[in-house]
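Please look at the sequence and the structure first, and then read the points below.

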Amino acid sequence: MRHTVFVLAAAGGLLISANARAQSAPAHAGDAASYCRYVEGVADSLADLEQAPVLFGTGGIVSGADASPGGSILGPTTRVIAGASYSLSGLYRGAALRNGAEAECHRYALVSGLHAFLENNKEGITRGSLVAKLAVLDEAMPRAEQTLAALRASMAASRATVEQVEAMQVRVDALRAEAAETRAGLQALARMPAPPERSIAGVLADRDEAEAEAAKYDARVRMSHAWDVSVRGGYDRIFGSSISYAPVFALATVTLNLGGLFQPAAENRASEGRVGWARAEVEGADDRVEQALVRLRSLLDVERKRLEETRVLLADLETRYKELQSVAGEKVAEYAQVVWFDLVKTRADHAYFEAHVADLDRLLGSGEPRK
């Protein structure tokens with residue numbers, strides 16, 4: 001009886017745990033959402049069979065000796081048996097299947113995030129860096145257009161030469177082309193799956209835990225086949241018998257497969273092997289992520305140096321531009337415009353490197369390879 005109560009409590013706990021995680025789990029996008037619908041649908045289908053009672057019925061002609069053992073021999077007579085049975089191990093197994101599907105869904109969502117990281121970082125470009133650069137260029141474009149329009153008006157009034165206008169046109173076109181290229185890169189990234197918003201080291205660690213969690217519920221399903229507590233009850237009627245009896249029955253059956261005593265050790269090996277396999281699989285997600293992280297760490301070192309170089313250059317150009325603005329004269333103003341275009345480009349580059357370094361720092365986390 002105590003064993004039965006324990007099994008019911010354990011199965012109920014599994015169901016509550018599954019419902020709680022289902023309510024708190026975030027919605028997954030893309031292929032992860034479809035995969036979750038698949039594995040949860042399969043688990044629900046199997047669990048419905050495991051957790052539902054089984055109806056049975058038997059009817060036919062039986063021997064008179066079977067119908068009246070120890071008494072007078074009857075001729076062949078009719079017997080009908082009907083009833084229902086319920087398995088407590090089936091209840092436990094169904095709950096484990098549903099929880100296992102939830103764990104598998106979470107595991108796959110993390111793996112999908114790793115694949116999204118790989119797709120988004122083939123060239124080491126991040127959304128944040130392109131957004132920061134484009135913001136600087138878009139802010140500068142109206143002034144660049146106004147400067148070109150004013151110079152064309154001056155040429156029409158014979159106060160500027162064709163060469164000056166053409167030189168300004170080249171600078172504005174270069175600024176416009178860089179903005180268009182940055183916008184195109186941003187649009188290309190937007191069509192890719194969204195990468196994780198936190199460090200890849202954290203995602204890898206969570207994926208290891210998710211592998212172990214999914215393996216745990218798989219083990220529970222397998223180990224539940226080693227025992228069972230079932231109840232059967234129903235109606236058993238023999239027609240034509242002279243013996244008076246109540247045509248109902250109720251039975252409880254407890255079974256235990258001794259092989260279940262050896263399962264825990266084997267399941268521990270299976271769980272460790274599953275996590276290790278996910279880490280070491282050649283050309284698997286982990287393998288390719290580790291290769292990408294090596295490339296990104298090298299890129300981060302380069303980008304930090306370029307960030308410092310643009311910081312120095314930006315400070316120099318800003319100082320020079322302010323000094324030129326305080327000096328009168330057409331030639332000085334013309335040179336100040338050239339410096340302004342260089343200043344805009346340097347600001348855009350600096351914004352890009354600053355955001356890129358921040359994005360790479362976030363993705364790489366501690367920067368240490370996983371052991």
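The points that follow cover the overall layout, confidence, cores, surface and salt bridges.

The structure is a predicted model. The protein has ten helices and four strands, and 37% of its 371 residues are buried.

**Overall layout**

- Among contacts with a separation of 6 or more, 82% are between residues 24 or more positions apart.
- The accessible surface of the protein is about 21,000 Å², and carbon and sulfur atoms account for 59% of this surface.

**Confidence**

- The average pLDDT of the protein is 85, and 87% of the residues reach at least 70.
- Confidence is highest in strand S4, with a mean of 95, and lowest in helix H1 (residues 2–24), with a mean of 41.
- The pLDDT is below 50 over residues 1–28, although this stretch has 35 contacts in the model beyond near neighbours in sequence.
- Residues 367–371 also have a pLDDT under 50, and the model gives them ten contacts beyond four places in sequence.

**Nonpolar cores**

- The largest nonpolar core has 26 residues, of which Val172, Leu175, Trp340 and Phe341 touch the most other members.
- Helix H5 (127–156), helix H6 (162–190), helix H9 (285–325) and helix H10 (330–364) each give two or more residues to this core.
- Phe341 is in contact with Ala144, Met168, Arg171, Val172 and Leu175, leaving aside neighbours within four places in sequence.
- A second, separate core has 22 residues, including Phe117, Leu118, Leu300 and Val357.

**A buried serine and a nonpolar surface patch**

- Ser85 belongs to strand S2 (residues 77–87) and counts as buried because its relative accessible area is 16%, under the 20% limit.
- Not counting residues up to four places away in sequence, Ser85 touches Pro53, Val54, Phe56, Val231 and Arg232.
- Leu256, Leu258, Leu261 and Phe262 make a nonpolar surface patch of about 520 Å².
- Within this patch, Leu261 lies in the loop between strand S4 (248–256) and helix H8 (263–280).
- Leu261 counts as exposed because its relative accessibility is 63%, over the 50% limit.

**Salt bridges**

- Side chains of opposite charge can pair when their charged atoms come close.
- The structure holds 26 salt bridges.
- Lys133 and Glu178 form a salt bridge through their side chains, at 3.1 Å from N to O.
- This pair links distant parts of the chain, with Lys133 in helix H5 and Glu178 in helix H6, 45 residues apart.
- Lys133 is buried at a relative accessible area of 14%, and Glu178 is buried at 15%.
- Asp286 and Arg207 form a salt bridge in which the closest N and O atoms are 2.6 Å apart.
- Because Asp286 lies in helix H9 and Arg207 in helix H7 (residues 200–223), the pair ties together parts that are 79 residues apart in sequence.
- Asp286 is buried, with a relative accessible area of 1%, and Arg207 is buried, with 2%.
- Asp286 and Arg207 belong to a network of salt bridges that also links Glu104, Arg107, Asp208, Glu211, Asp218, Arg274 and Arg279.
- Arg311 and Glu308 form a salt bridge with the closest N and O atoms 2.6 Å apart.
- Both Arg311 and Glu308 lie in helix H9, three residues apart, which is about one turn of the helix.
- Arg311 is partly exposed, at 36% relative accessible area, as is Glu308, at 41%.

Note on methods
Residues are numbered from 1 along each chain as its sequence is written. This is a predicted model: local features need pLDDT of at least 70, side-chain atom pairs count only at pLDDT 80 or more; totals for chains, interfaces and linings use all residues. Side-chain values use heavy atoms; hydrogens and water are left out. A nonpolar core is a set of buried Ala, Val, Leu, Ile, Met, Phe, Trp, Tyr and Cys residues joined through side-chain atoms within 4.5 Å. Buried means under 20% relative accessible area, exposed over 50%, partly exposed in between (1.4 Å probe, protein chains only). Contact means heavy atoms within 4.5 Å. Patches are made of residues with over 30% relative accessible area and no salt bridge: like charges are joined within 9 Å, nonpolar side chains (Val, Leu, Ile, Met, Phe, Trp, Tyr) within 5 Å. Accessible areas come from the Shrake-Rupley method with a 1.4 Å probe; for residues, only the protein chains shown count as cover. A salt bridge is a side-chain nitrogen of Lys or Arg within 4 Å of a carboxyl oxygen of Asp or Glu. pLDDT is the predictor's confidence in each residue, from 0 to 100.
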